[in-house]
Amino acid sequence: MTRAAWFPVLLGVCLAVALTFLTLPVVAIFVDSSPAELVSSLGEPGALDALWLSLRTTAASIAIILVVGTPAAYLLATRSFRGKAAVVTLVELPLVLPPAVAGIALLAAVGPSGILGGVVEAAGIELALETAGVVVALTFVASPFYVRQAMAAFASVDRTLMDASRTLGAPESRGFVRVMIPVALPGLVAGTALALGRALGEFGATLMFAGSFQGITQTVPLAIYDRFSTNFDSALALSAVLVAVSGAILLSVKLVQGNDALGGWQVE
């Protein structure tokens, strides 16, 4: 029994080390930033502008991701075709791109001198160094998180449900809306939260593609970086706001996913 007890102890030690390493920096943000400093930091010039800009651009990017990414994920999850593996790899590629490379890639693609720069300019759309460019950058880096999770959610749905709807005379489009999306909804919500968190925290691609101009392209992560060298307390307080929002998003996903996500599953 003594010899057999070492492994559970090792597991507990590893968990304790991992929890300490992962939670201590987050806890330190709130320990070093008092509620009064948090409130005062939001009253500083540009702080509320950055927060409002982050919320607006993130909401716009999430809307685009949901409208385009949901059907795309359904197609990839329910169809087999030649080159599918390559398509999935291309969809997932932004996941592993360094943020600075993502920004450079966007400039090379839709920047003023990019491949599609002339087309974008002819359409009267300005992206680089504009708020719309922030939305493009957030969508580019966050969409793979949603599409990947949505693919898994759709793939886990029992196909006999769609077959049953087809036998009842419902077209595939109606089955997609009335069957697939409701059944896969917890996974879709989880994917949305992942994309939302990634978009809120995006820094490198936004800076490279859209710049950091107060009230135009300066989101909260960029505002934190801007204050880091001049007012660390303000940067700390803004970081606390971002952590709180991210934590609220994660908690909401856990609540949507139900008891299992909250720890109801146990090994007997």
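Here is a chat about a predicted model and the terms used for it.

Colleague: What should I keep in mind about the model before we start?

Modeller: The model is predicted, so local features need pLDDT of at least 70 and side-chain atom pairs count only at pLDDT 80 or more, while totals for chains, interfaces and linings use all residues. Residues are numbered from 1 along each chain as its sequence is written, and side-chain values use heavy atoms, with hydrogens and water left out.

Colleague: How many helices and strands does the chain come to?

Modeller: The chain has 13 helices and zero strands. Helices (H or I, at least four residues) and strands (E, at least two) are DSSP runs, numbered from the N terminus.

Colleague: What makes Tyr 74 and Phe 176 a tilted aromatic pair?

Modeller: Rings of Phe, Tyr and Trp (its six-membered ring) pair if their centres lie within 6.5 Å; planes under 30 degrees apart are stacked, over 60 edge-to-face, and the rest tilted. Tyr 74 and Phe 176 are 4.8 Å apart centre to centre, with 55 degrees between the planes, so the pair is tilted. By this rule there are four aromatic pairs. Tyr 74 and Phe 176 also form one aromatic cluster with Phe 154.

Colleague: Where in the chain do Tyr 74 and Phe 176 sit?

Modeller: Tyr 74 is in helix 3 (residues 47-78) and Phe 176 in helix 9 (residues 172-200), so this pair links distant parts of the chain, 102 residues apart.

Colleague: Why is Tyr 74 called buried?

Modeller: Buried means under 20% relative accessible area, exposed over 50%, and partly exposed in between (1.4 Å probe, protein chains only). Tyr 74 has 10% relative accessibility, so Tyr 74 counts as buried. Phe 176, at 14%, counts as buried too. Of the 268 residues of the chain, 34% count as buried.

Colleague: Why are helix 3 and helix 9 called oblique to each other?

Modeller: Two packed helices are described by the angle between their axes and the distance between the axes. Axes are lines fitted to C-alpha atoms, for helices over the stretch in contact, and angles run from 0 to 180 degrees between N-to-C directions. Angles under 35 degrees count as roughly parallel, over 145 as roughly antiparallel, 65 to 115 as roughly perpendicular, and the rest as oblique. The axes of helix 3 and helix 9 come within 9 Å and cross at roughly 135 degrees. Helix 3 and helix 9 are therefore oblique to each other.

Colleague: Which residues of helix 3 and helix 9 meet?

Modeller: Contact means heavy atoms within 4.5 Å. Among the residues that meet are Ile 62, Leu 66 and Tyr 74 in helix 3, and Phe 176, Met 180 and Leu 196 in helix 9. By class, this contact of helix 3 with helix 9 has twelve nonpolar, six polar and one charged residues. Ala, Val, Leu, Ile, Met, Phe, Trp, Tyr, Cys and Pro count as nonpolar, Asp, Glu, Lys and Arg as charged, and the others, Gly among them, as polar.

Colleague: Is Thr 206 buried or exposed, and what does Thr 206 touch?

Modeller: Thr 206, in helix 10 (residues 204-210), has a relative accessible area of 0%, so Thr 206 is buried. Not counting residues up to four places away in sequence, Thr 206 touches Val 134, Ala 137, Leu 138, Gly 211, Thr 217 and Leu 222.
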